[in-house]
Amino acid sequence: MNDMNGRTCVVTGATSGIGFETALILARSGARLIGVGRDPARCSAAAARIRDPAPGADVRFEIADLSSQAEVRSLAARIRDREPRLDVLVNNAGLFTFRRAESADGIEMQLAVNHLAGFLLTHELMPLLEAAPRARVVFVSSGSHFHGRIRFADPGRRCLYSGLSAYEQSKLAVLMTSVELARRLGPGSTIDTFAVDPGLVRTEIGAKDGSPIVRWVWGLRAGRGIDAREAAASVVWLAMEPSIEGATGRYWKERQVVPSSRRSTDPEACRRLWDLSDSRCENGGLHPRACCQPDRNWVHLSESA
Ligand SMILES: NC(=O)c1ccc[n+]([C@@H]2O[C@H](COP(=O)([O-])OP(=O)(O)OC[C@H]3O[C@@H](n4cnc5c(N)ncnc54)[C@H](OP(=O)(O)O)[C@@H]3O)[C@@H](O)[C@H]2O)c1
């Protein structure tokens, strides 16, 4: 494994489950760890739980509700203000909602948090990723992407909403973003992107939904899953393992490259999703003039050749 001393890592959704365990391992390995969470009390508790076994850990939490694009931008601005570079970004935060809900920006909630938050945060932090000698962006996707379809005409799924289909769509979008980002960065980039399927993991993700049926079904299903610590070990491996440098744009499970769905690597669909995501983030100024310095960061990422 790479020596993580002196490296800076951002982990979203670091207050519980896979994200918390990922943050803990990274902090213990000597990285400067910036966890992201939406609730101040849960962030303080997570920071304390990390410092407990690792008293010297360099850890701080930033608070942001990632369903809000204004909060994603403000989070990125705070990180840019304090950090000269970023070595690892883990886009992990996610949720499942049985009933259709919308974010403050009027975007279907699972698309907003599971996909667009990571898409936007990655863009906003691109100057810091480019400032590192080598950087990695890890996108936490899911095997459920195999069932996913991007409903280009109705990504917010106003018509015939199914929570599960919306979740599957969002996890496919996460994977396609990793594939397309790798393509746009091009060969020879100092930034690698990896998408990962953590497997079925015993976390609270399904228990946080308001529906008792979802909680019950998830309780039965998650019981067969692996421990969050085990899942996090695979995520951290992607963040740290030297031998996979340059293997960008791939889909991983249990430290192996594994096949992903045909849709996830369709170049035309990946470009289309990118443009769609861009348009869903543009109100607050995703464009380079507004967020990326220097301009070239955005210019080469937004070309759709
Ligand atoms: N569990 C599985 O079997 C499984 C399988 C495949 C993929 N995944 C993916 O793994 C990732 C982590 O999930 P998990 O299973 O570890 O679930 P989890 O324990 O519920 O963790 C999700 C994390 O995301 C945070 N989060 C949710 N909505 C947020 C928002 N609006 N703003 C900021 N943070 C938010 C949660 O914060 P709070 O603590 O405040 O809730 C929590 O820290 C997700 O992307 C999920 O889709 C999970």
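Visitor: How many Å separate an oxygen atom of the ligand from an N or O atom in the side chain of Tyr167?

Guide: A word on the source first: the model is predicted. In it, an N or O atom in the side chain of Tyr167 is 2.6 Å from an oxygen atom of the ligand. A pair of N or O atoms is read as a polar contact when the two lie within 3.5 Å, so this pair qualifies.

Visitor: Which atom of the ligand lies 2.9 Å from a polar side-chain atom of Asp65?

Guide: That atom is a nitrogen of the ligand. For the side chain of Thr203, an N or O atom is 2.6 Å from an oxygen atom of the ligand.

Visitor: How much of the ligand's accessible area does the protein cover?

Guide: On its own, the ligand has 890 Å² of accessible area, and the protein covers 97% of that.

Visitor: Which residues come nearest to the ligand?

Guide: The ligand has 29 residues around it, and those that come nearest are Thr15, Arg42, Asn92, Tyr167 and Thr203. By class, this shell holds 13 nonpolar, 11 polar and five charged residues. Helices α1 and α6 each contribute at least two residues to the shell.

Visitor: How does one find where empty space is left?

Guide: The general idea is to roll a probe the size of a water molecule over the atoms, which shows where space remains empty. In this structure, the largest pocket has about 1,200 Å³ of space. The ligand takes up the space of this largest pocket.

Visitor: Which residues lie nearest the centre of the largest pocket?

Guide: They are Leu95, Phe96, Tyr167, Thr203 and Ile205, out of 49 residues that line the pocket. The lining comprises 21 nonpolar, 17 polar and 11 charged residues.

Visitor: Which element gives the most to the lining of the largest pocket?

Guide: Helix α7 gives the most, with five residues. At least two lining residues come from each of α1 (17-28), β2 (32-37), α4 (109-124), α6 (163-185) and α7 (212-222).

Visitor: What is the volume of the second largest pocket?

Guide: Its volume is about 170 Å³. The second largest pocket is lined by 14 residues, and Gly106, Ile107, Gly156, Arg158 and Arg280 lie nearest its centre. Its lining has six charged residues, together with four nonpolar and four polar ones.

Visitor: How many cavities of 30 Å³ or more does a search of the whole structure find?

Guide: The search finds one. The largest cavity has a volume of about 100 Å³. It is lined by 16 residues, and Asn91, Asn114, His115, Ala117 and Gly118 are the closest to its centre.

Visitor: Which elements give two or more residues to the lining of the largest cavity?

Guide: These are α4, β5 (135-140) and α6. The largest share, seven residues, comes from α4. By class, the lining of the largest cavity has nine nonpolar residues, seven polar residues and no charged residues.

Definitions and conventions
Residues numbered from 1 in each chain as written. Predicted model: local features only at pLDDT ≥ 70, side-chain atom pairs only at ≥ 80, totals over all residues. Heavy atoms only, no water. 1 Å grid on protein atoms, 1.4 Å probe; cavity = no way out; pocket = protein on both sides within 12 Å on 5 of 7 lines; lining within 4 Å. Points joined across faces, edges and corners; volume = space filled by probe spheres on them. Helix = DSSP H or I, 4+ residues; strand = E, 2+ residues; numbered from the N terminus. Nonpolar A, V, L, I, M, F, W, Y, C, P; charged D, E, K, R; others polar. Near = heavy atom within 4 Å. Polar contact = N/O pair within 3.5 Å; in protein donor to acceptor, adjacent residues only side chain to side chain. Areas by Shrake-Rupley, 256 points an atom, 1.4 Å probe, with all protein chains shown as cover. Sits in = over half its atoms within 2 Å of the grid points.
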